[in-house]
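This briefing is meant for a reader who is meeting the structure for the first time.

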Amino acid sequence: MSWSIGFDDISDLARGAAVLGTGGGGDPYIGALLARQAITEHGPVTAVPLDELDDDALVITVGMLGAPTVMVEKLPTLESIIAPVRAMDAHLGRPATHVACAEIGGVNSTIPIAAAAALGLPLLDADGMGRAFPELQMVLPTLSGISASPLAFADEKGNVGVVQTIDNSWTERIVRVSAVEMGCSVMICGFAMSGAQARESLVRDSLQRSLHLGAGIAQARLDKTDPVTRAVDILAGRELFAGKVVDVERATTTGFARGTATLTGADGARLTLRFQNEHLIASSGGDEVLATTPDLIIVLEHDTGEPVTTEGLRYGQRVRVIAAPSDPRWHSAAGLAMVGPGYFGYDVPARRFDGQIFDGQISEVSA
């Protein structure tokens, strides 16, 4: 059944989506500001479950592409968010009927809310990943053969472009270069798909899951129980480590925020996190890999359970690191080839959230 996203839902939804964003997806605070502004000016957004979507609907994804470290300083406007949608409507020759999130994480879970409110369109209760990944082609619709292009992009200065590419990896390459020239952060609109394709390829109920997760963390604090444990329970994951951030090496290169963070625990144990916008690898001081992409590696503030993004990691922070399962389709052979540790240059097998090594030899798994 359809439901409404109002002003008061944004805090919990943004918090939950930032947890699922595994450190990436952009600053949830900025996205929440944009969503609240849009709802204040245009009214609540109707969230539509996939099962209520007509086959001939025209669904488009809306979000930000670029380095999250840059977006903290270069704030987007509502005009820049809807500009690529207008360009896409003109290119396709018909207006979109629904907006969707390409990923559920950070700002890219709340920018679509702002877009849906400003455009007066319903928002699908679904997303393309069930988490966040750093590159544009890394969505489940790619595994289903859905093209990212035509893809429209726009910056805050008013520049707008539309690309038509031979595959989704080329869309990523071309738009990433454009984003660097446009200030390392652009608003995008793409992955035009029918209602039938959306039902097949997207992750169901991800907005409701974010809302439930964010509200659960907040309620645990009110109940004076452990909010991190509450998050682990909701995600059916496990806690990997608790300690203090003692070193962060981070650089914005080729449009990504890349780096490592080192944590030490009370007993001298160490944990290293490697990230490219999102956390990709968690390993112990002895270089034992504890968890890898595509499963979720999440950093939460030690006592409050608030999610900490990769651009928000600072020396001296007390945090806890948890791991949780990703959508099972990411553990197909094709999924691991696209988002497994090998794609990012790490010569290690994919290790599940529970420590098991996974070689991707299972057959394709449906959602």
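Pro294 is placed in the loop between strand S14 (289–292) and S15, and a cis peptide bond with an omega of about 10° joins Thr293 to Pro294. The model described here is a predicted one.

**Backbone features**

- Another cis peptide bond joins Ser149 and Pro150, with an omega of about 5°, and Pro150 is found in the loop between helix H6 (140–143) and strand S6 (151–154).
- Most residues other than glycine have a negative phi, and most peptide bonds are trans.
- Thr22, although it is not a glycine, has a positive phi of about 55°; Thr22 belongs to the loop between H1 and H2, and with a relative accessibility of 0% it counts as buried.
- Asp205 is not a glycine either, yet its phi is positive at about 60°; Asp205 sits in the loop between S9 and H9, where a relative accessibility of 39% makes it count as partly exposed.

**An enclosed helix**

- Helix H1 (residues 10–20) has 9 of its 11 residues buried, so it is largely enclosed by the rest of the structure.
- The buried residues of H1 are Ile10, Leu13, Ala14, Arg15, Gly16, Ala17, Ala18, Val19 and Leu20.
- The cover over these buried residues includes strand S1 (3–5), helix H2 (28–42), H5, H9, H10 and S15.
- Thr22, with its positive phi near 55°, follows H1.

**Two crossing helices**

- Two packed helices are described by the angle between their axes and the distance between the axes.
- The axes of helix H4 (residues 78–92) and helix H5 (residues 107–119) come within 10 Å of each other and cross at roughly 75°; angles of 65 to 115 degrees count as roughly perpendicular, and H4 and H5 are therefore described in that way.
- On the H4 side the contact is made by Leu78, Ile81, Ile82, Val85 and Arg86, which meet Ile111, Ala114, Ala115, Ala118 and Leu119 in H5.

**Salt bridges**

- The structure holds 13 salt bridges, and one of its salt-bridge networks links Asp12, Arg15, Arg221 and Glu306.
- Arg204 and Asp51 form a salt bridge in which the closest N and O atoms are 2.8 Å apart. This pair links distant parts of the chain, since Arg204 is in strand S9 (residues 203–204) while Asp51 is in the loop between strand S2 (45–48) and strand S3 (58–66), 153 residues apart. Arg204 is partly exposed, with a relative accessible area of 39%, whereas Asp51 is exposed, with a relative accessible area of 61%.
- Arg320 and Asp226 meet through their side chains in a salt bridge of 2.7 Å, N to O. Here too distant parts of the chain are linked, with Arg320 in strand S16 (residues 318–324) and Asp226 in the loop between helix H9 (206–222) and helix H10 (227–235), 94 residues apart. Arg320 is buried, at a relative accessible area of 9%, whereas Asp226 is partly exposed, at 27%.
- Asp303 pairs with Arg318 in a salt bridge whose closest N and O atoms are 3.4 Å apart. Asp303 lies in the loop between strand S15 (296–301) and S16, and Arg318 lies in strand S16, 15 residues apart. Asp303 counts as partly exposed at 48% relative accessibility, and Arg318 counts as partly exposed at 43%.

**A contact across the sequence**

- Asp55 lies in the loop between S2 and S3, and at 49% relative accessibility it counts as partly exposed.
- Asp55 and Gly195 are 140 residues apart in sequence, yet their C-alpha atoms are 4.3 Å apart in space.
- Leaving aside residues up to four places away in sequence, Asp55 touches Ser194, Gly195, Ala196 and Arg199.

**A nonpolar patch on the surface**

- Ile166, Trp170 and Ile174 form a nonpolar surface patch, and together they have about 310 Å² of accessible area.

Key. Residues numbered from 1 in each chain as written. Predicted model: local features only at pLDDT ≥ 70, side-chain atom pairs only at ≥ 80, totals over all residues. Heavy atoms only, no water. Patch = residues over 30% accessible without salt bridge, like charges linked within 9 Å, V, L, I, M, F, W, Y side chains within 5 Å. Areas by Shrake-Rupley, 256 points an atom, 1.4 Å probe, with all protein chains shown as cover. Salt bridge = Lys/Arg side-chain N within 4 Å of Asp/Glu carboxyl O. Helix = DSSP H or I, 4+ residues; strand = E, 2+ residues; numbered from the N terminus. Buried < 20%, exposed > 50% of the residue type's maximum accessible area, 1.4 Å probe, protein only. Axes fitted to C-alpha atoms, helices over the stretch in contact; angles between N-to-C directions. Parallel < 35°, antiparallel > 145°, perpendicular 65-115°, else oblique. Contact = heavy atoms within 4.5 Å.
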